[in-house]
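Here are a few exercises to work through with the model open in your viewer. Try each task before you read its solution.

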Amino acid sequence: MNIYDIANKAGVSIATVSRVLNGSGKVRPETEELIRKIIAEENYLPRQSRHFAGCIRTAAIMIKDVLTPSNAHIVESLSKELEKKGITVRLCLHGNDRTLFNRQLIQCQKDNLLIAYAITCDFGADKYTLPDTLKLTMPMVLINSDLNIPGAYHIDLDRESSLKKLAESCVSSGHSRICCLFSSMNRSNMALIDAITDVLKVSTAALPPGFFHLIDKDSADAGIYIEKLLSSEDPPNALIASDSLLAAHALKILKQKDIRIPVDFEIACAEYSFLSEAVYPEITGLDLLDEEVAELSVTLLSSLMTGKEVSLRSVVKADIIYGESTLNP
């Protein structure tokens, strides 16, 4: 029995149970009576309240890898925000291995970590669910993740509306033959593809040939795809990539072919990283607001520690950073 089980049995939030345990904040008398009755019946020892008081000062950041600029940057931002609170960080790389992820999560709970973050996990077509034998005994924040973990808190990044705006801009400038290069099929990327598809369906009778391509091996494959598409009967005149590595490889091939960017061909990216501004022309992309997301995550943790009510799901909207790779509005 843990604080999550107490909350579920009482039909209240974890924050409400925490307020009862810590004697902080207002709780309706009947609700407090119910929670204390359940605690007594279950002989529950609120170890978690001692953790929140500051006995445990370690957090785990669980993520697929740090090979892409976006993953590396969010880990850096989270680490800085946690360290400001005097919390040290344990980095757990699972490589999209479900068994390893579960093992890491179990170990984190055994070690009584203060909080765990799971970021953009992509375990394939089957939606991940927490094994029946594993229950959360610590707060968990899922950042832009498609994991289905009861009791976890979600921070979602809205990239769809901004990417849709970029696609509409390409279409309005005469570049409606958009091709998409994506590195994985997680929930977030599928939502982006749907957003671009909606734009193209409105502007054209049918989707352009070679609309979507999954690059599941190496980022350098993006160059191979672009060369193949450029030699087709109806070549694309715009590209939207899921990450800056794919976009940079495509940009290299286009420049080698002396294709004028952005006059003849536009390139945009679903993220903006140091690589986006390190190439020429600078690649237009989405600012994923890692610092803001990291600060929101730690603020959420602080609220839980003091027994405040917090929303199970928060949304942060990505901004567009315009480079020279698109004909900007």
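Buried here means under 20% relative accessible area, exposed means over 50%, and partly exposed is what lies in between. Keep in mind that this is a predicted model.

**Exercise 1. Get the overall picture: how many helices and strands does the protein have, and what percentage of its residues are buried?**

Start with the elements: there are 12 helices and 12 strands. Next, look at burial: of the 329 residues, 51% are buried. Then take the accessible surface, which comes to about 15,300 Å², with 51% of that belonging to carbon and sulfur atoms. Finish with the contacts: among those with a separation of 6 or more, 74% are between residues 24 or more positions apart.

**Exercise 2. Work out which residues of helix α1 are buried.**

Helix α1 runs over residues 3-10. Go through its 8 residues and you'll find 6 buried, so the helix counts as mostly covered by the under 20% cut-off. The buried ones are I3, Y4, D5, I6, A7 and A10. As a reminder, an α-helix has 3.6 residues a turn, so residues three or four places apart point the same way. Now step just past the end of α1: G11 sits there with a positive phi of about 70 degrees.

**Exercise 3. Follow the chain from L91 to H94 and decide for each: buried or partly exposed?**

Begin with L91, which belongs to strand β2 (residues 88-93). L91 has a relative accessible area of 41%, so it is partly exposed. Look around L91 and you'll see that, along with V66 and L93, it makes a nonpolar surface patch of about 220 Å².

Move on to H94, in the loop between β2 and α6 (98-110). H94 is buried because its relative accessible area is 2%. Its side chain reaches the backbone nitrogen of N96 at 2.9 Å. Lastly, check D65: it lies 29 residues from H94 along the chain, yet their C-alpha atoms are separated by 7.1 Å.

**Exercise 4. Find D290 and ask which side chain of opposite charge is nearest to it.**

First locate D290: it is in helix α12, which covers residues 290-305. D290 is buried and has no salt bridge. The nearest side chain of opposite charge is R159, 9.5 Å away; a salt bridge would need the charged atoms within 4 Å. What does D290 touch, then, leaving out residues up to four places away in sequence? Its contacts are S70, H73, I74 and S77.

Terms used
Residues numbered from 1 in each chain as written. Predicted model: local features only at pLDDT ≥ 70, side-chain atom pairs only at ≥ 80, totals over all residues. Heavy atoms only, no water. Patch = residues over 30% accessible without salt bridge, like charges linked within 9 Å, V, L, I, M, F, W, Y side chains within 5 Å. Areas by Shrake-Rupley, 256 points an atom, 1.4 Å probe, with all protein chains shown as cover. Helix = DSSP H or I, 4+ residues; strand = E, 2+ residues; numbered from the N terminus. Buried < 20%, exposed > 50% of the residue type's maximum accessible area, 1.4 Å probe, protein only. Contact = heavy atoms within 4.5 Å. Polar contact = N/O pair within 3.5 Å; in protein donor to acceptor, adjacent residues only side chain to side chain. Lys, Arg positive; Asp, Glu negative; His and termini not counted.
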